[in-house]
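Please read them with the structure open beside you.

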Amino acid sequence: MNEKQKIELAAAKGFLALYNAVHSTSFSIEALSDSPDVICIDDDGDRFGLEITLTEDLPGDIQAAIGRSDHLNIENFDVAVPASHLQGNVSESLLQRLRAKLQKRYGFGTALVIRNASGVDWDWETQLGEMRRAVQDQENHFDRGIWLINRQMDALYRVL
């Protein structure tokens with residue numbers, strides 16, 4: 001299993017624990033896939049696809065977190081560490097990913113799961129309305145919803 005699959009698997013497990021608790025369902029992971037990333041099944045045989053994406057505070061943070069970039073090493077900062085703001089670069093980065101995912105079709109019975117991979121556990125509740133307005137005119141192919149899970153994977157937010 002490669003690093004990307006490990007990240008997707010961890011996000012899927014966190015999402016399913018919260019989703020099952022909220023919706024009284026029994027989904028578990030059946031297989032990792034390419035599109036969507038994770039295939040789930042419940043006790044009745046109902047399938048549920050999960051397409052996983054992550055947030056990042058600054059471009060390149062995800063690659064740095066999995067050891068594929070050294071852009072977060074202190075030696076790479078000339079003056080100061082760039083600041084991140086939820087209502088600025090973080091939400092804009094998320095919206096770019098969301099818009100890109102909305103352009104693709106992953107098949108019937110699929111949800112988009114956005115995992116906050118930031119080192120900061122942002123208050124996403126404050127941004128949900130703005131996120132919804134920003135993509136309201138785009139066609140949504142995720143018939144099982146678009147969900148955001150926080151950094152600790154103990155809170156689930158329905159975006160759409």
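**Notes on the fold and its contacts**

1. Just after α1, serine 24 adopts a positive phi of about 50 degrees. Helices here are DSSP runs of H or I with at least four residues, strands are runs of E with at least two, and both are numbered from the N terminus.

2. Some ground rules. This is a predicted model, in which local features need pLDDT of at least 70 and side-chain atom pairs count only at pLDDT 80 or more, while totals for chains, interfaces and linings use all residues. Residues are numbered from 1 along each chain as its sequence is written, and side-chain values use heavy atoms, with hydrogens and water left out.

3. Now α1 itself. Its 21 residues should span 30 Å at 1.5 Å a residue, and the end C-alpha atoms are 30 Å apart, which agrees. The expected span is 1.5 Å times one less than the number of residues. At the start of α1, a side-chain oxygen of asparagine 2 comes within 3.1 Å of the backbone nitrogen of lysine 4.

4. Which residues of α1 are buried? Among them are Ile7, Leu9, Ala11, Phe15, Leu18 and Tyr19. Buried means under 20% relative accessible area, exposed means over 50%, and partly exposed lies in between (1.4 Å probe, protein chains only). The cover over the buried residues of α1 includes β1, β2, β3, β4, β5 and β6. An α-helix has 3.6 residues a turn, so residues three or four places apart point the same way.

5. The sheet comes next. Six strands make an open, mixed sheet in the order β1-β2-β3-β4-β5-β6. β1 (28-32) and β6 (156-158) are the edge strands, each with a single partner, so one side of each has no neighbour in the sheet. The average twist from one strand to the next is 30 degrees. Axes are lines fitted to C-alpha atoms, for helices over the stretch in contact, and angles run from 0 to 180 degrees between N-to-C directions.

6. Look at the pairing strand by strand. Two strands pair if DSSP finds at least two bridges between them. β1 and β2 run antiparallel and are joined by four bridges, with isoleucine 29 opposite cysteine 40 in β2. A hairpin of five residues connects β1 to β2. β2 and β3 are also paired antiparallel over four bridges. Cysteine 40 has phenylalanine 48 as its bridge partner in β3. The β2-β3 hairpin has five residues between its strands, and glycine 45 in the turn has a positive phi of about 90 degrees.

7. Leucine 112 faces isoleucine 146 in β5. Helix α1 (residues 3-23) packs on the sheet and touches β1, β2 (38-41), β3 (47-54), β4, β5 and β6, at about 125 degrees to the direction of β3. Contact means heavy atoms within 4.5 Å.

8. How many salt bridges does the structure hold? There are six. A salt bridge is a side-chain nitrogen of Lys or Arg within 4 Å of a carboxyl oxygen of Asp or Glu. Lysine 4 bridges to aspartate 37, with the closest N and O atoms 3.7 Å apart. Lysine 4 is in helix α1 and aspartate 37 in the loop between β1 and β2, so the pair ties together parts 33 residues apart in sequence. Is aspartate 37 buried or exposed? Aspartate 37 is buried, at 2% relative accessible area, whereas lysine 4 is partly exposed at 46%.

9. Check one more salt bridge. Aspartate 46 and arginine 144 meet through their side chains at 2.9 Å, N to O. Aspartate 46 is in the loop between β2 and β3 and arginine 144 in the loop between α4 and β5, so this pair joins parts 98 residues apart in sequence.

10. Finally, histidine 141. This residue sits in the loop between α4 (128-135) and β5 (146-149). Histidine 141 counts as buried because its relative accessibility is 17%. Leaving out residues up to four places away in sequence, histidine 141 touches Leu102, Lys104, Arg105 and Gly107.

Notes. A polar contact is a pair of N or O atoms within 3.5 Å; within protein, one must be able to donate a hydrogen and the other to accept it, and residues adjacent in sequence count only if both atoms are side-chain atoms.
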